[in-house]
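Hello,

Here is the structure I promised to hand over. Please have a look before you read my notes.

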Number of protein chains: 2
Amino acid sequence: MRLMEDMIRNEGKVLPGGVLKVGSFLNQRIDTDLLRETGQEIARLYAGAGVNKVLTIEASGIAIAAAAALEMGVPMVFAKKHRSSNVEGDVVTAVVHSFTHGEDCTVVVSREYLGPGDRVLLVDDFLANGAALEGLISLTEQAGAEVAGAAIAVEKCFQGGGEALRKKGYRIESLARIASMDENSVVFVRDGEAP
Amino acid sequence: MRLMEDMIRNEGKVLPGGVLKVGSFLNQRIDTDLLRETGQEIARLYAGAGVNKVLTIEASGIAIAAAAALEMGVPMVFAKKHRSSNVEGDVVTAVVHSFTHGEDCTVVVSREYLGPGDRVLLVDDFLANGAALEGLISLTEQAGAEVAGAAIAVEKCFQGGGEALRKKGYRIESLARIASMDENSVVFVRDGEAP
């Protein structure tokens, strides 16, 4: 998506350690034109895919998931993060390692909100090593629901998580695909190119 | 807002201890028709109020704030919650006590995303004793920005937080105003009535 790439190029900051900072337009401060177009593009990509629910993880996926769900006219659900693995109730859980924060967290969804009959679109802001997306896939499948695919705002293709999940047969659509980046430039994968 | 009241009445659950559970339509699972209408109603209430930014707190305020910001065509910002009060960088912070979780947390926004020249609409899912909204007001004023008002999905009027803030001169609009509730029924404040 052109606007996503332009904003990453113009407003994103590559920090030491391979962190792409998008806080000024996609994360803590969210540009509404970008958010609207992101929701429309996700809805376009998954039109006809039979999606009846959008699932994300708190907190930075919620706005994007909401924008997509509004365009698609389906409910959205977000998984909560807990520090403790000791979660009560009729829930499904998965442990996700955050490479950014260097710690594990447990992501949790109530079976009340996700279950058999759901065909689920997974939405998140970033896909790097794939840990968060694997967590969402696990929650969906544990709940007896079906993964329709994933829609990601920014994929760091060079970290390989997306490729590994595509090889397992999951459909993953990323609106901006980064081939490489350093403090001076961000290079995107072009359509039709291998990532 | 009629749809909000209807969904609270039909799908909300009042738990012991005065907790209103709205997880099935407003919180963990979000109904998209309700979300769209909530955004439209907030935009209608604050049309002409000169709002140029929407501010909320992660996580349960984000979807509502995003829906409102999309309707209003202004950016949204969310304050992050930290357990530690030891936060680095050029930020504004406030300590918010959660009566639901029985603990304090520090809410944080970068001065990069909120500052002089901003006229801010504060958005949250619940207003009860007012602690979270006071935190958002404090962040806004510390950053040198101006509070245009607040838009809240559900106000528990009997807890008094909204009334105290209105007396201080803040404009607070709540889409559903609960006068009283118990395990059998929820009674709403009608327009024109004192809460």
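Below are notes on the contact between the chains and on the cysteines.

This is a predicted model: local features need pLDDT of at least 70, side-chain atom pairs count only at pLDDT 80 or more, and totals for chains, interfaces and linings use all residues. Residues are numbered from 1 along each chain as its sequence is written, chains are lettered from A and ligands numbered from 1 in the order written, and side-chain values use heavy atoms, without hydrogens and water.

**Interface**

On chain B, 31 residues contact 32 residues of chain A (contact: heavy atoms within 4.5 Å). The buried area is about 2,700 Å², with 60% from carbon and sulfur atoms (accessible area, 1.4 Å probe, that two parts lose on being put together, summed over both). In chain B, Gln28(B), Leu70(B) and Tyr113(B) lose the most area to chain A, together 28% of what that side buries.

Four salt bridges link chain B and chain A (side-chain nitrogen of Lys or Arg within 4 Å of a carboxyl oxygen of Asp or Glu). One of them pairs Lys21(B) with Glu112(A), at 3.4 Å from N to O.

**Cysteines**

The whole structure has zero disulfides (two cysteine sulfur atoms within 2.5 Å).

Best wishes
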